[in-house]
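Here is a short briefing on charged side-chain pairs and helix packing. Look at the sequence and the model first, then read on.

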Amino acid sequence: MMDPEILLRLKAHCRVDFDDDDLLLGLLYQAAVRYLERAGIAEAVEDEEYLLAAFSLVLEWYEAGSTVNVTIGTRQLINQLKLDAIGDGSL
């Protein structure tokens, strides 16, 4: 089950104002967390940049109806998080 506060923030980011897709959004968020972990970025829900990257992945996948594409802007967010992780020694 997804943290209710994160779900509310995610729905606001995705501009979803109904509850029908809450399960789908939760699954996409879990997929985004795993995607970021595989990129070497540990989950950090207290980090606004991390949440922006995760929420951006969810929004892209939600709108596209698949998890195939990641836009250049989202890739840049992920790359910046990876550089930050290298800089602080966590990667």
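A salt bridge here is a side-chain nitrogen of Lys or Arg within 4 Å of a carboxyl oxygen of Asp or Glu. The model is predicted: local features need pLDDT of at least 70, side-chain atom pairs count only at pLDDT 80 or more, and totals for chains, interfaces and linings use all residues. Residues are numbered from 1 along each chain as its sequence is written, and side-chain values use heavy atoms, with hydrogens and water left out. The structure holds 3 salt bridges.

- Lys 11 and Asp 22 form a salt bridge through their side chains, at 2.9 Å from N to O.
- Lys 11 lies in helix H1 and Asp 22 in helix H2 (residues 22–38), so this pair ties together parts 11 residues apart in sequence. Helices are DSSP runs (H or I, at least four residues), numbered from the N terminus.
- The side chain of Lys 11 also meets that of Asp 19 in a salt bridge, at 2.7 Å from N to O.
- Shared partners join Lys 11, Asp 19 and Asp 22 into one network of salt bridges.
- Lys 11 is buried, with a relative accessible area of 8%. Buried means under 20% relative accessible area, exposed over 50%, and partly exposed in between (1.4 Å probe, protein chains only).
- Asp 19 is exposed, with a relative accessible area of 55%.

**The Glu 48–Arg 9 pair**

- Glu 48 and Arg 9 meet in a salt bridge, at 2.6 Å from N to O.
- This pair links distant parts of the chain: Glu 48 sits in helix H3 (residues 48–64) and Arg 9 in helix H1 (residues 4–14), 39 residues apart.
- Glu 48 counts as partly exposed, at 48% relative accessibility.
- Arg 9 counts as partly exposed too, at 31%.

**Packing of H1 against H3**

- The axes of H1 and H3 are 10 Å apart, and the helices pack at an angle of about 60°. Axes are lines fitted to C-alpha atoms, for helices over the stretch in contact, and angles run from 0 to 180 degrees between N-to-C directions.
- H1 and H3 are therefore oblique to each other. Angles under 35 degrees count as roughly parallel, over 145 as roughly antiparallel, 65 to 115 as roughly perpendicular and the rest as oblique.
- The contact (heavy atoms within 4.5 Å) includes Arg 9 and Leu 10 of H1, and Glu 48 and Phe 55 of H3.

Methods
Helices (H or I, at least four residues) and strands (E, at least two) are DSSP runs, numbered from the N terminus.
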